[in-house]
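Let's walk through this model together, with the working definitions given as each one comes up. Please have the viewer open beside the text.

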Amino acid sequence: MTKQEGSILIVDDDPDVLSTAQMFLKQHGFTVQTELQPKNIPAILSKSILDVILLDMNFTRGENGGKEGMHWLKQILQQDPQASIILMTAYGEVELAVQALKAGATDFVLKPWENQKLLATILSAIQLRKSKLEVEKLRNTQQQLSADIHGQYGELIGNSPAMKELYGLLEKVAPTDANVLILGENGTGKELVARALHTHSLRKKEVFISVDLGAISETLFESELFGHVKGAFTDAKEDKPGRFELASGGTIFLDEIGNLTLPLQTKLLTVLQSRTVRRVGSHQEKKVDIRLICATNMPLHEMVYENTFRQDLLYRINTVEIRVPALRERAEDIPLLISHFLAMYARKYKKPALRIEPAVLAKLKKYIWPGNIRELQHAVERAVILSEGTSISSPDLFLNQVRMPTTQPGRTLTLEEVERNYLRELIEKYEGNISKVARELGMTRPALYRRLNKYGL
Ligand SMILES: Nc1ncnc2c1ncn2[C@@H]1O[C@H](COP(=O)(O)OP(=O)(O)OP(=O)(O)O)[C@@H](O)[C@H]1O
């Protein structure tokens, strides 16, 4: 006989039932407590950790409506929502047992029970309790992590009119289940905005799954997003859920949606229309309940016009569009962001708090930051690392570090480096006006955006 682990409470007003069940379950290695009086259940629950509770339906002599059992079932679940409760019912009370299952009981056994059947029921109830506790733990961890990452609007820093407008929009849109498309240049904080939408939504206690579509290869797309079953292809060693399934109940964030090829856009559209996924290699459709947030730095509307992005997909994802402003459009926020990152990196690198001289700050406010906040963040990090003393009196510590040199002694630049530098110079020349840069290069704006995207500009 294999020894089982688990602690069980049996509540029944018949001492014979209690002793028979106790003897049988102890033989199998369980820790067993018995109780004749259901009114003592709350006290027992507050003292001990129980894996399973076997609960009789009727306690008062002559009672057989199961009301007492239902009452105690609800009481227990109120005290411990993850409790696994097996009800003991007499023959003819099946209707009642069904009601109890609906009210949250795990299972029921008919009295007099067959020992092996009782054992099997208890083992699966223990397993179920374990899974429920695991899910609860993961949910708490996720909540804790998001609470650590986010404040009111998380790490979204900025008081400029552009940011205030964004906060107003977030407040309106977050609590709805509307599909949101976030547009904005690289490094403007699109992912932070997506997370803020989630943490202020009705799904905030559920998962937030982020998928970088630009980083998933064409061949792995379906398996990553929709999952696969064992043996579906050579590397499919076991069943694996896709990101859509994992996100079910919560929010899925599809970043870089503008990078999808047309065939992949079609596959994605099918799933978004039906809200069902089929794992690669399976015939079974699974419903997914997700809130969809997408983001891109590509001009999707122009791409629709050029037939490189499907119009029906665009309309499916952009119920609400949120445009995240570029940093140069909210230069007022630059000092605030710099002091935020200065404090963050001073802590990280154990450096004294650094002060920036006003003339340097003025220069940094004028710089156009083509890489937006990500570029600013990296610039501050480098400045903190390289600084000596407690004050920064030259902008070089920030800016010289972030600009690629156009030439390097002893090394010829690659064609890609030349192109990247040239693009950067033009962006600066036209102060970030992409239309003007595109005109000078004789390119369409989408083509230019693709190029900028390639170089992370
Ligand atoms: N408003 C903000 N306040 C503080 N930090 C910010 C803000 N916006 C962005 N950041 C920081 O800038 C960095 C880039 O942000 P994020 O990844 O959200 O940008 P993105 O627009 O999604 O970029 P990409 O288009 O390259 O994916 C992150 O480290 C983020 O924490």
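Let's begin at the ligand. It is surrounded by 18 residues, and the closest are Ile 157, Gly 189, Lys 190, Glu 191 and Ile 373. A residue joins this shell if its C-beta atom, placed from the backbone, lies within 6 Å of the molecule. The elements giving two or more residues to the shell are helix H7 (190-199) and helix H15 (372-386). Helices here are DSSP runs of H or I with at least four residues, strands are runs of E with at least two, and both are numbered from the N terminus.

Before going further, a word on the ground rules. This is a predicted model, in which local features need pLDDT of at least 70 and side-chain atom pairs count only at pLDDT 80 or more, while totals for chains, interfaces and linings use all residues. Residues are numbered from 1 along each chain as its sequence is written.

What classes of residue make up the shell around the ligand? There are five nonpolar, eight polar and five charged residues. In this scheme Ala, Val, Leu, Ile, Met, Phe, Trp, Tyr, Cys and Pro count as nonpolar, Asp, Glu, Lys and Arg as charged, and the others, Gly among them, as polar. Domain 2 (150-323) and domain 3 (327-402) each supply at least three residues to the shell; the domain bounds come from an automatic or database domain assignment.

The buried ones are Lys 190, Val 193, Ala 194, Arg 195, Ala 196, Leu 197, His 198 and Thr 199. A residue counts as buried if 20 or more other C-beta atoms lie within 10 Å of its own, exposed if 12 or fewer do, and partly exposed in between, with C-beta atoms placed from the backbone.

In the loop between strand S6 (180-183) and H7 you will find Asn 186. Is Asn 186 buried, exposed or partly exposed? It has 19 C-beta neighbours inside 10 Å, so it counts as partly exposed. Leaving out residues up to four places away in sequence, Asn 186 touches Asn 297, Gly 371, Asn 372, Arg 374, Gly 456 and Leu 457. Touching, or contact, requires C-beta atoms placed from the backbone to lie within 7 Å. Asn 186 and Asn 372 are 186 residues apart in sequence, yet their C-alpha atoms are 6.9 Å apart in space.

S6 belongs to an open sheet of five strands, ordered S7-S10-S13-S6-S14 with parallel pairing. Strand S7 (208-212) and S14 are its edge strands, each pairing on one side only. Strands pair if DSSP finds at least two bridges between them. Four bridges join S6 to strand S13 (residues 291-296), where Leu 183 stands opposite Thr 296. Another four link S6 with strand S14 (residues 320-323), and there Leu 181 stands opposite Glu 321.

A second open sheet also has five strands with parallel pairing, in the order S2-S1-S3-S4-S5. Strand S2 (31-35) and strand S5 (107-111) stand at the edges with a single partner strand each, so one side of each has no neighbour in the sheet. Neighbouring strands in this sheet are turned by 20 degrees against each other on average, direction ignored. Such angles run from 0 to 180 degrees between N-to-C directions, using axes fitted to C-alpha atoms, for helices over the stretch in contact.

Within this sheet, five of the five residues of S3 are buried. Val 52, Leu 54 and Asp 56 point one way from S3, while Ile 53 and Leu 55 point the other way. Strand S1 (residues 7-11) pairs with S3 over four bridges, with Ile 8 partnered by Val 52. S3 is joined to S4 by four bridges as well, and Asp 56 has Met 88 as its bridge partner. Five bridges then join strand S4 (residues 85-90) to S5, including the one between Leu 87 and Phe 108.

Two helices pack on this sheet. Helix H3 (residues 67-79) touches strand S3 (52-56) and S4, its direction making about 160 degrees with that of S3. Helix H4 (residues 94-102) touches S4 and S5, at about 165 degrees to the direction of S4.
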